[in-house]
Amino acid sequence: MTEPFSVVALSPRTFTVKEREDGVKNVKRINEFMDTAVMVGAWEGAPVRLVVIPEMAIQGMIANTPGNREKEAHFAVTIPGPETDELAKKARQLNTYIAAELYMVKDDDFPDRYFNVAFIIDPNGEVVYKRYKATSDAYEGGMLGNMNPHDVWDEWIAKKGNGNVMDAIFPVARTEIGNIGIAICHEGVYPEVARGLAMNGAEIIIRPTLIEPAVMTGMWEIQNRAHALFNSAYVVAPNLGPEIRDDGGIQDLFGGQSMIVNPRGQIVAQQNGWTSGDSFVCTTIDIEALRRARVANGLYNQFKDMRTEQYRAIYDQPIYPKNQYLDAPPAEDWLAREEATRARNIQTLIDRGVITPPTGYQPNGAEEESPVMEAVSEVSSS
């Protein structure tokens, strides 16, 4: 029997790391606020058993600063490491699970390659879950080495899932408070990652962070509610607080609006409006009620009605090339190469009839081709 418990989703201020040890300083700052948030969260009437921290809360906006190999080697971290050690102390002290993310993480199986990794620490202070971001956004910042499992697909599935794609790409932590999976930031723009986690047993889907203008236009809310409703799962979605600049000024690139959504797609806790400081949302989660709903033979239990063969046909033809960094890590021309790949993918979708281009559409229509478009032309002609 899993008793109802409170969950706290933090929206801390953001401080971009300047030195390697700044990540630990950020964790300590977050931990101080976590004490207050957990104390207030317990007023819900149930103990706080899960605290969730947004993507980039620990390392800040390092993702959006130009990268080079020397810089990446300096800032790349490990899990476990000093940052998770500090969180582990707090997990033990508060007797709670803590979920968070580190942007640039080393992996012994893939030297010279770095990954965006979400993780969960249990109340004993142990890292019990790691999930590597599998759907990067258009640029994933300026960092060269930050990649995803699809870029080293064949080796990834063999090493991380023992040949099992679901466990390699959509791992789920099976804990005493429920089954938890994490869809990192831009992954929530697509329906597949949340569905993959749900189909691997996730009952709580953590979806940390999304940048503007996706928050102000309502995309953030729509996506989070849809993931909860379509997957009969709780969605816990913390977003970043304002960024504190080097000059002491404040800027808000993410818009806040952290939220928690129940399995019917209803927002049960939400941060409304902009704040200049640390904030949080909290509510009570009832896993047993969710489990009863999931085994009910009714209209809203969608899993039982899935005709998987007909859905599989949607993805029969690949779009994004796999294994593109299997033989060597990304180099200095990484961004141009990614732009060229995406442009080629668009043309592939046009050729298949998936996309109908607008009148007068020309892939290389600019009068003066940028280096990116030159790379597109080069790739297209090869």
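**Exercise 1. Which residue in the hairpin of E4 and E5 takes a positive phi?**

Solution. Step 1: the hairpin of E4 and E5 has five residues between its strands. Strands (E, at least two residues) and helices (H or I, at least four) are DSSP runs, numbered from the N terminus. Step 2: in this hairpin, Gly-125 adopts a positive phi near 85 degrees. Step 3: the model is a predicted one, in which local features need pLDDT of at least 70, side-chain atom pairs count only at pLDDT 80 or more, and totals for chains, interfaces and linings use all residues. Residues are numbered from 1 along each chain as its sequence is written, and side-chain values use heavy atoms, with hydrogens and water left out.

**Exercise 2. Identify the strands that pair with E4, and state the sense of each pairing.**

Solution. Two strands pair if DSSP finds at least two bridges between them. Strands of a sheet pair through backbone hydrogen bonds, either parallel or antiparallel.

Step 1: strand E5 (residues 127–132) runs antiparallel to E4, joined by five bridges; Ile-121 has Val-127 of E5 as its bridge partner. Step 2: strand E3 (residues 97–106) is also antiparallel to E4, with seven bridges, and Ile-98 stands opposite Ile-121. Step 3: strand E6 (residues 146–147) is parallel to E4, with two bridges; here Tyr-114 is partnered by Asn-146.

**Exercise 3. Are the faces of E4 covered or uncovered?**

Solution. Step 1: buried means under 20% relative accessible area, exposed over 50%, and partly exposed in between (1.4 Å probe, protein chains only). Step 2: on one side of E4, Tyr-114, Asn-116, Ala-118 and Ile-120 are buried. Step 4: in total, eight of the eight residues of strand E4 (residues 114–121) are buried.

**Exercise 4. Why is strand E15 largely enclosed by the rest of the structure?**

Solution. Step 1: strand E15 (residues 279–285) is largely enclosed because five of its seven residues are buried. Step 2: Cys-282 counts as buried, at 17% relative accessibility. Step 3: strand E1 (residues 5–11) pairs with E15 in the antiparallel sense over seven bridges, with Phe-5 opposite Ile-285.

**Exercise 5. At what angle do H6 and H7 pack, and which residues make the contact?**

Solution. Step 1: helix H6 (residues 192–199) packs against helix H7 (residues 219–231) at about 35 degrees, with the axes 10 Å apart. Step 2: the contact (heavy atoms within 4.5 Å) involves Ala-194, Arg-195 and Ala-198 of H6, and His-227, Phe-230 and Asn-231 of H7.

Note on methods: Axes fitted to C-alpha atoms, helices over the stretch in contact; angles between N-to-C directions.
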